[in-house]
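Thank you for making time this morning.

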Amino acid sequence: MRLLSRVVPVLVGLGLASCAGVDVGTNYDPAAVQRIDNFRTYSWMAQPQKTQDARINNDITDSRVKEAVNQDLQSRGYRKVDASENPDFLIGWQGAIDTRLSAEMVDNYYGYPWDPFWGSYYGPYGGGGTYVRQYDVGTLILDVVDAKEKKLVWRGTAQANLGDTPSIQSAGKKLDEGVEKMMKEFPPKAEKQK
């Protein structure tokens, strides 16, 4: 029973960490809501200054982002056209992967209960330590620009913890999830006056 009381919190923590989703936020120009609502055609903007990070700056990531956005928009009736055909809006993306550190302090008394079976070297109040973990956080930004006015009218951001050893498959799933969540907020709805 004592082993179970030690293992369950660890398994729950690992389960929650692996299920950590994608945090999404959107912002828009309230004065442009009516124009955005009338948008029907779009074209992709050229990629801004490329990052040196090969995890972001590659044809596979570019293709995956565009495919996810295209599928979403086209399933809702938007039509992708060539830039020379005067689209209603332009859409572009940019991304980054940042390395972060997390420090957690654990002591034997609160973090892992003292028990003679597991060793009494530090006694009930000693031991423990600080555990530092390095992990990557990925950020994806989608911008919608009014093609006629050349003005940013909507922006979506998605951010996810990619872990300490991100796999291409898990990062790709989080990218797809981020695009799906962001695009649920496009087009924006006019805020009701109070």
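Let me begin with glutamate 177, which has a relative accessible area of 29% and therefore counts as partly exposed, bearing in mind throughout that this is a predicted model. Its partner is lysine 181, and the side chains of the two meet in a salt bridge with an N to O distance of 3.4 Å. Both residues belong to helix α4, which covers residues 168-183, and they sit 4 residues apart, about one turn of the helix. Lysine 181, at 33% relative accessibility, is likewise classed as partly exposed.

A second pair of this kind is found in helix α3, residues 59-75, where lysine 66 and aspartate 62 are 4 residues apart and so are separated by about one helical turn. Their closest N and O atoms are 3.4 Å apart, and the two form a salt bridge; lysine 66 is partly exposed, with 23% relative accessibility.

Now, which residue forms a salt bridge with arginine 35? The partner is aspartate 146, and here the closest N and O atoms are 2.8 Å apart. This pair links distant parts of the chain, since arginine 35 lies in helix α2 (residues 33-37) and aspartate 146 in strand β5 (residues 129-146), 111 residues apart. Arginine 35 is partly exposed at 28% relative accessible area, whereas aspartate 146 is buried at 3%. Glu149 also comes into the picture, being linked with Arg35 and Asp146 in a network of salt bridges.

Finally, for context, a search of the whole structure finds 9 salt bridges, including those I have described here.

Technical notes:
Residues numbered from 1 in each chain as written. Predicted model: local features only at pLDDT ≥ 70, side-chain atom pairs only at ≥ 80, totals over all residues. Heavy atoms only, no water. Salt bridge = Lys/Arg side-chain N within 4 Å of Asp/Glu carboxyl O. Helix = DSSP H or I, 4+ residues; strand = E, 2+ residues; numbered from the N terminus. Buried < 20%, exposed > 50% of the residue type's maximum accessible area, 1.4 Å probe, protein only.
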